[in-house]
Amino acid sequence: MTRRPARKLVRAAAGMAGAAALCAAAVWWLGVRDAGEGDTEGQGAAKSGAPMGTTRSGAGTGTGTDPSLVERGAYLARAGNCQGCHTAQGGAPYAGGRGVPTPFGTVFAPNLTPDASTGLGRWSANDFWRALHHGRARGGRLLYPAFPYPNYTRVTRADADALFAYLQGLRPVTQANTPHALAWPFDQQAALAVWRALYFRAAEAGATTGPNAGREPGRSAEWQRGAYLVEGLGHCNACHASRNALGATASTLDLAGGLIPVQNWYAPSLTSPAEAGVADWSVPHITELLRSGVATPGALVTVMGPMAEVVGGSTQYLNDADLQAMAVYLKALPQAAAAGRAPMADGASGHDTTATTAATATPAGAKLYDLHCAACHGEQGEGAPGAYPALAGSRAITLRSPANLVHAVLEGGFPPTTAGNPRPYGMPPFATLLGNDDVAAVLTHVRGSWGNRAAAVTSLEVSRLRGTK
Ligand code: HEC
Ligand code: HEC
Ligand code: HEC
């Protein structure tokens, strides 16, 4: 009488084993499928792997490497802000250790210096190309897209080689990589293989043979260069796009705005004039914002938080021609009509146009504003030219998501220090001075005064954002 259940058990076990084998086969297939076979650019440039070998033996001195190549690599590393992620706070540049927070855990950026045991000392130019273009480490391990290779895959082989020459010329730093802290199953290569099959395609050869050989052949060379920088090295859409439950953006061309996971800053839409679209800005105003972190297209605009890091670590160093190309590309992005924009399901973004939810200023909020804020931002929220941004009539204030405003009040902040704005005016943090109710009241006042009409901010929203950065 025990025979039947036993047979059932055997059958179930066999079924499970079969399913497991199938899964394994699928994962294996997914893994090899994007291994970069038939990648003519990669093979064609194998010869450029040789000079890199010479660099490696002379690591730290750059012996045998064309100095202009290294210089170009240094410039491109700025354009990609490689140092920003690959440097721990207070740590040696490019020695890694900074964590990139994701909803699935923290992915730590590794050591990119040419140290043989802990860095890229044993890498060839081909290994490096495979990392940037295919998202695979030396040895074949699949890399997490917290490293923005879905954007960097658009970088040309020539630019990748210049980047590699620059990194190989850095002083080697011996610093072991921090292991990632990811929850199961996201710590599994199999899960990553599935993710890549769904969401990652290495750029085709044609898309990366040169900045001017991209999509839309009818566009000017300047637009093509701008597209190459914004979509590729600049990885603007790593922040300026919404992500699905598995952390993927719709495409690398999506710039319609999104909440940055975990950090909870909202990167506004670059395709909406009501958010951060710059179609109606002049090219000089756009380049000024990217170069100096402040601009005055109407009232003063400053960059904050993660965008201040982008300007501070990357765009401020770009040359006039490249900034201009980016501006031309950003200006030409098709803009969604402000009023026609469908509200997002998660309510995380968008410009608030619903009068019913509009904030009504309370006496408590007005009092807090006069006491703590008016000295800088003006009694009518008019700001101060060249110093303090206007809060009245500012699109940054009326975004549906109040996240950035809460961050600004709790943490304060400075625009980046740049040649164009060498002594930026800052804002003090109010985290210890104001409770959640106070922050909610003062921001509700700001969002409902002087012609601003956006939803009230609740103390629950403030408490959720406290402690996220
Ligand atoms: C947004 C943060 C971020 C930026 C910007 C970034 N990286 Fe990374 N990078 C990472 C993370 C995180 C990893 C680890 C991924 C993994 O282990 O799966 C990584 C991995 C790598 C690797 C693989 C190294 C190894 O030991 O396996 C290389 C090579 C690399 N990055 C080069 C670059 C270059 C070149 C740039 C600039 C063009 C750059 N990264 C910009 C976050 C970043
Ligand atoms: C690390 C995330 C991140 C990346 C990468 C990023 N941005 Fe942003 N960006 C933000 C956030 C957050 C804001 C909102 C805060 C602010 O206005 O400064 C923003 C704001 C902006 C604004 C509006 C500024 C204003 O105040 O009106 C522009 C324009 C912009 N970004 C352009 C770009 C471009 C171009 C790139 C690529 C070179 C880029 N961003 C890359 C996070 C990012
Ligand atoms: C000492 C002057 C000063 C005081 C006081 C001050 N701010 Fe600010 N505020 C600034 C500066 C400077 C910035 C730009 C910061 C940046 O770009 O990082 C700013 C930015 C902001 C922003 C973001 C604006 C934008 O365009 O994105 C908001 C919202 C804000 N402040 C609200 C407040 C509120 C509310 C108070 C009072 C509780 C306050 N500020 C007090 C100087 C001040």
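Which of the 26 residues around ligand 2 come nearest? Gly 234, Cys 236, Cys 239, Ala 276 and Met 307 do. The views below start from that site.

This is a predicted model, in which local features need pLDDT of at least 70, side-chain atom pairs count only at pLDDT 80 or more, and totals for chains, interfaces and linings use all residues. Residues are numbered from 1 along each chain as its sequence is written, while chains are lettered from A and ligands numbered from 1 in the order in which they are written.

**View 1. The shell around ligand 2.** A residue counts as near a molecule if its C-beta atom, placed from the backbone, lies within 6 Å of it. Helix 13 (305-313) and helix 14 (320-332) each supply at least two residues of this shell around ligand 2. Helix 13 gives the most, with four residues. Helices are DSSP runs of H or I with at least four residues, strands are runs of E with at least two, and both are numbered from the N terminus. By class, the shell around ligand 2 has 20 nonpolar, six polar and no charged residues. Here Ala, Val, Leu, Ile, Met, Phe, Trp, Tyr, Cys and Pro count as nonpolar, Asp, Glu, Lys and Arg as charged, and the others, Gly among them, as polar.

**View 2. The shell around ligand 1.** Of 23 residues around ligand 1, Gly 80, Cys 82, Cys 85, Ala 137 and Phe 147 come nearest. Helix 4, helix 5 (82-85) and helix 6 (125-134) each supply at least two residues. Helix 5 gives the most to this shell around ligand 1, with three residues. The shell around ligand 1 divides into 19 nonpolar, four polar and no charged residues.

**View 3. The shell around ligand 3.** Ligand 3 is surrounded by 26 residues. The closest are Thr 302, Cys 373, Cys 376, Ala 396 and Met 427. At least two residues each come from helix 16 (374-377), helix 17 (403-411) and helix 18 (436-447). By class, the shell around ligand 3 has 20 nonpolar, six polar and no charged residues.

**View 4. Helix 4 against helix 8.** Helix 4 (residues 67-80) and helix 8 (residues 157-168) pack at an angle of about 100°, with their axes 7 Å apart. Axes are lines fitted to C-alpha atoms, for helices over the stretch in contact, and angles run from 0 to 180 degrees between N-to-C directions. Helix 4 and helix 8 are therefore roughly perpendicular to each other (angles under 35 degrees count as roughly parallel, over 145 as roughly antiparallel, 65 to 115 as roughly perpendicular and the rest as oblique). Helix 4 brings Leu 69, Val 70, Arg 72, Gly 73, Ala 74, Leu 76 and Ala 77 to the contact. Helix 8 brings Asp 159, Ala 162, Leu 163, Ala 165 and Tyr 166. Residues are in contact if their C-beta atoms, placed from the backbone, lie within 7 Å. The contact of helix 4 with helix 8 has nine nonpolar, one polar and two charged residues.

**View 5. Helix 11 against helix 14.** The axes of helix 11 (residues 221-233) and helix 14 come within 7 Å and cross at roughly 90°. Helix 11 and helix 14 are therefore roughly perpendicular to each other. Among the residues in this contact are Trp 223, Arg 225 and Leu 229 of helix 11, and Asp 322, Met 326 and Tyr 329 of helix 14. By class, the contact of helix 11 with helix 14 has 10 nonpolar, two polar and three charged residues.

View 6. Three strands form an open sheet in the order 1-2-3, with antiparallel pairing. Strands pair if DSSP finds at least two bridges between them. Strand 1 (99-102) and strand 3 (181-182) stand at the edges, each with a single partner strand, so one side of each is left without a neighbour in the sheet. Strand 1 and strand 2 pair over four bridges, and a hairpin joins strand 1 to strand 2 through two residues. Strand 2 (residues 105-108) and strand 3 pair over two bridges. Gly 105 stands opposite Thr 102 and has Leu 182 of strand 3 as a bridge partner.

**View 7. Two backbone details.** The peptide bond from Trp 184 to Pro 185 is cis, with omega near 5°. Pro 185 lies in the loop between strand 3 and helix 9 (189-199). His 235 has a positive phi, near 35°.

How values were computed. Two residues are in contact if their C-beta atoms, placed from the backbone, lie within 7 Å.
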